[in-house]
Amino acid sequence: MDIRVLTSADIPHVQSTNITNLPENYFLKYYLYHALSWPQLSYVAVDVSRPKKTPYDPPKIVGYVLAKMEEEPVNGIQHGHITSLSVMRTHRRLGLAEKLMRQSRMRYLSHTRRVYHSERQTDLKEGFHEADARSFPLERAMVETFGAQYVSLHVRLANIAALRLYRDTLGFEVEKVESKYYADGEDAYSMKMNLTNLREALEDTYVDEG
Amino acid sequence: MAPPPPQPLASKERSLFTQVVKNYENKQYKKGLKAADQILRKSPDHGDTIAMKALIINSQGNSEEAFALAKVALKNSMKSHVCWHVYGLLYRSAKNFEEAIKAYKFALKLEPESQQIQKDLALLQIQMRDYQGYLQSRRAILQQRTGWRQNWTALAVAQHLAGDLANAERTLTTYEETLKSPPPKTDTEHAEAILYKNSIIAEMGEKERALEHLDAAAKNNPDRTSVMELRAQYLLNLGRKEEAAKAYHLLLKRNAEYRAYFEGLEEALGLDKSNVEELRKLYGDVAKDNPRGDAATRIPLEFLEGDEFREAADQYLQRMLHKGVWSTFNNVKALYSDSQKRDTIQDLVEGYAAGMLNTQANGSAERQINGDSDLFTPSVRYFLAQHYNYRLSRDLPKAMKYIDEALSSAPESVEYHMTKARIWKHYGNLQKAAELMEEGRTLDVRDRYINTKAAKYQLRNNENEAAIQNMGKFTRNEALGGPLGDLHDMQCVWYITEDGESYIRQGNLGLALKRFTSISTIFEIWQEDQFDFHSFSLRKGQIRAYVDMMRWEDHLREHPFFTRAAVSAARIYVMLHDQPDLAHAKMTNGVNGEKMDSAERKKAQKKAKKDQEKQAKEEAERKDSKKPGAVDQNGDPKKEDKDPKGEKLLQTSEPLVEAMKFVTPLLEFSPKNIKAQQVGFEVFLRRKKYLLALRTLLASNALSSSDPTTHEQAIRLGHTFRTQTEPPDRKVQEVIAAEFDPVLPA
Amino acid sequence: DREDPAPLPTSAEDRKAAAAMSSLERRGGDDDDAATKPNKEIDQEALGKAISRLELADKAGTVAAGEKKTKEKEEVEKRAKIKVDQADVTLLVEELDLTKGKATELLKANDGDAVKAMRGFVRAAA
């Protein structure tokens, strides 16, 4: 499964993946708006193992993350926002959502989080040793290319699985509850993750990237 | 009989007119109309005001009235650039781009200094891919306003797209040289312009210079990933393999789930698929760095053979199955094209099912680490169920046995229900399949994926009503036209297509055509979508992504989403040509309903009439409950659908002309698709365009000479040639003899 | 005071998308906002020179294009000499769904030989 940056040609299938998985759907033009405004920030997971049937077969998208920079940040602080992320049910449990957001575990996680979420402790410890701040494509691009200081997103209150992914696996924190955020009236957790530590970690890596 | 020139407006009206323009730009249509009418009370013949009024009315969705008004405006003020500009804008919104360009050009002749008209003209030219025209317009815009970087970049883009790469580069450099000091690092427009220029240098084939430029100008470019990718690529192209290998190693540290990086590295190291030992080490090293990664352990399964394959596959499968990864089968089935690998995998996983873990490499160790035999056993059964359900390893009774075992231990599993439904589908029992999916859906009603699957299987079983009800659980309630309206708004291509195909099976060709036409409309919208980006992307400064989008849009209709719907639509028109009666009565026996006797036919017609009445009633009810204020994606009011059942589509007097609207783009964009060629054949044959039919036949034959439909079409064409009452032109006969006879089946 | 266009979406999620879409389309002139102001860091003298160079380059471009044109012209003249039977044009228009212009072009590209032109055309897609 390739994880790579999203291009225009991927969009029809990204749109299909979105409407297959989530109730929040968008016109193709809204995806184009993301891809053409911040081409470094949106990623797709692609099944590249299947042979093409015709020369016109588009990439088989099994997951995507659609991300943007906030155009006019109220607080004046540059930050990213995850508009939408989903993975086909047939391809869940492969860790694709996590890989889409970043390639490996968070080196820059604060030590305390390991204690709070003891059920994931083994995982986190493993990540602590192995991870390398270089390999978080989306967040890295937010910081490197657009100077983001944090990244935010919204999660439906009832979507426990997503909450756990963002909070426990990826290190987001719930900032507040936004009432009636979604069109059907459901509330959203507004979540945030600080990226300033990532910036420092990245700068270390530039030394050996030359 | 030129009308007298209109009186110039008094100062109060002049400022009102400015107000009207502002109101239009801010979409304050009611205010704008009010102000316009106020002017017109004083000066009823004022062309510019009438034109603005037309523009506003058009934006409110009344195009006919707008055109009529615009004509009045032009009659009053032939020499007004505003009137001509508005006329162009109306044509543009009606998608008559050629007329719009003419009107803009006329307006520009009257007012050569107008930035706005010049820009509107430029936008249409690039939308129409009139590269030479666009180049001219961009040059004029730049010469009027030299201080804006985007005007320079725009000229470079125009030159680039017109194929003049050298001048595109020169234009970008010229602008750079006017800068007093290097722009700050935060200037993303500048950073992108540098990479855009670099991509142009590379496109000219000058990799050496591209690399130099990259190293000199893009060292601190904020788009680091792009810089590193380009650098690796150039080094590889230049044969500087050692440096290229280093560059790909660094990229793999950034993202180890991207095949292109592995392939680059292999090439840089001079490895091909026979250097198994080196490849193993390469992938092994990356895997060690990425213990949670997939690619570095999965890709080797492609080049390993024999015992080495067996060992690696064993490790891979056990690791995934212990973790309970549902998609394990999906992730390995591509290996099945190699029947030995398929058999090895079957043997291994059958072994796990029989409890033979310890005999296999690393099996026991894995087991201790994960300790997840709770997940392992069901994962193995689930894998085997999918395995025996798969085309290349199908044994449906075995598949059913394993899925039933899996279900007996986890009766609430959505995944197992989905797989069981698929097994029924392969048995040909669409009803059972739909039932199982529906059962799965009720087990997790908040998950849209299973909801989607349930609806899809219902459509396959021709339960359109149940399907739309299911879909409605996740669509917007306020959309015009209910759930189906929402699915159209959200461009849900798969549903519309499946719905249409289901209506073909049921003989409801009107609704089927309706759906396929909707797909065609969605592609029109997608094509239109690029329009705003011609200016937006220049403002944003993200040029490479913009050029990439343009190139994608150029062949948009080769997408299988389009092909599938277009082939079906063209087939229906062929049926309508052959059996015009189909336009009036619904078939009751599916598409082959021509065998009905007259009593049956009468009965069917009666039923069709009744259905029609019922539908009309439902439609009226739906209209009553229609919510006001429905808008399209541009915020403009939506037009009411005057043919919701596709009856008007069905009653066309020229089905073959309609068919060509689908066949033409099919043959232009997907000539290598055999179904496209075959449906083209059917249409050309009926239009008696024998040489064009022959052309599609030769194309199909080149794609697959053993295709049965191609074979049958060849025989039919031969028969047609032999039995023609009017012998064709002598020259045509000569072409047939030379080109057709060699492929004519014996 | 956006009175009559679409009522604003009620949910925050929708408002975000709607705002993005309307930012794509700008109807008025785009000189009035800061993002598109002319660059003040430009050396005006250099800019003046650049523009005159651009004009020169244009002319050079036209010259180059002119050379290309003479070649094209020769080609055109050569083709103009090829005699095309109007009956063949009609035949190609009828048999191959071509416009008159395209049919004539195709015939000329095949030395006015209708059979050769048609054979090439039917084989082109294979």
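Leaving aside neighbours within four places in sequence, B:Gln118 is in contact with B:Leu108, B:Ser137, B:Ala140 and B:Ile141. That is a handy way into this predicted model. B:Gln118 sits in helix α7 of chain B, which covers residues 115-127. Is B:Gln118 buried or exposed? Its relative accessibility is 6%, and because buried means under 20%, B:Gln118 counts as buried.

**Two helix pairs**

Two packed helices are described by the angle between their axes and the distance between the axes.

| Helix pair | Angle | Axis distance |
|---|---|---|
| α5(B) (residues 81-93) and α7(B) | about 25° | 11 Å |
| α2(A) (residues 28-37) and α32(B) (residues 533-540) | roughly 30° | within 10 Å |

Let's take the pair inside chain B to begin with. Helices α5(B) and α7(B) pack at about 25°, so α5(B) is roughly parallel to α7(B). Their crossing is left-handed. From α5(B), the contact draws on B:His81, B:His85, B:Leu89 and B:Arg92, while α7(B) supplies B:Gln116, B:Ile117, B:Asp120 and B:Leu124. Sorted by class, these residues of the α5(B) and α7(B) contact are three nonpolar, three polar and two charged.

The other pair brings together helices of chain A and chain B. The axes of α2(A) and α32(B) cross at roughly 30°, which means that α2(A) is roughly parallel to α32(B). This crossing of α2(A) and α32(B) is right-handed. On the α2(A) side the contact is made by A:Lys29, A:Leu32, A:Tyr33, A:Leu36 and A:Ser37, and on the α32(B) side by B:Phe533, B:Phe536, B:Ser537 and B:Lys540. The contact of α2(A) with α32(B) has five nonpolar residues, along with two polar and two charged ones.

In soluble globular proteins, nonpolar side chains tend to be buried together. In this model, the largest nonpolar core has 249 residues, and A:Ile82, A:Met142, A:Tyr166 and B:Leu717 have the most contacts inside it. Which helix gives the most to this core? Helix α34 of chain B (residues 560-578) does, with 12 residues. A second, separate core has 44 residues, among them B:Val20, B:Ala51, B:Ala54 and B:Ile101.

For a closer look at one residue of the largest core, take A:Met142. Not counting residues up to four places away in sequence, A:Met142 touches A:Leu41, A:Ala67, A:Lys68, A:Met69, A:Gly80, A:His81, A:Ile82, A:Gly147, A:Ala148, A:Val151 and A:Leu195.

Notes: Residues are numbered from 1 along each chain as its sequence is written. Chains are lettered from A and ligands numbered from 1 in the order in which they are written. This is a predicted model: local features need pLDDT of at least 70, side-chain atom pairs count only at pLDDT 80 or more; totals for chains, interfaces and linings use all residues. Side-chain values use heavy atoms; hydrogens and water are left out. Axes are lines fitted to C-alpha atoms, for helices over the stretch in contact, and angles run from 0 to 180 degrees between N-to-C directions. Helices (H or I, at least four residues) and strands (E, at least two) are DSSP runs, numbered from the N terminus. Angles under 35 degrees count as roughly parallel, over 145 as roughly antiparallel, 65 to 115 as roughly perpendicular and the rest as oblique. A crossing is left-handed if the near helix is turned anticlockwise from the far one by less than a right angle, and right-handed if clockwise. Contact means heavy atoms within 4.5 Å. Ala, Val, Leu, Ile, Met, Phe, Trp, Tyr, Cys and Pro count as nonpolar, Asp, Glu, Lys and Arg as charged, and the others, Gly among them, as polar. Buried means under 20% relative accessible area, exposed over 50%, partly exposed in between (1.4 Å probe, protein chains only). A nonpolar core is a set of buried Ala, Val, Leu, Ile, Met, Phe, Trp, Tyr and Cys residues joined through side-chain atoms within 4.5 Å.
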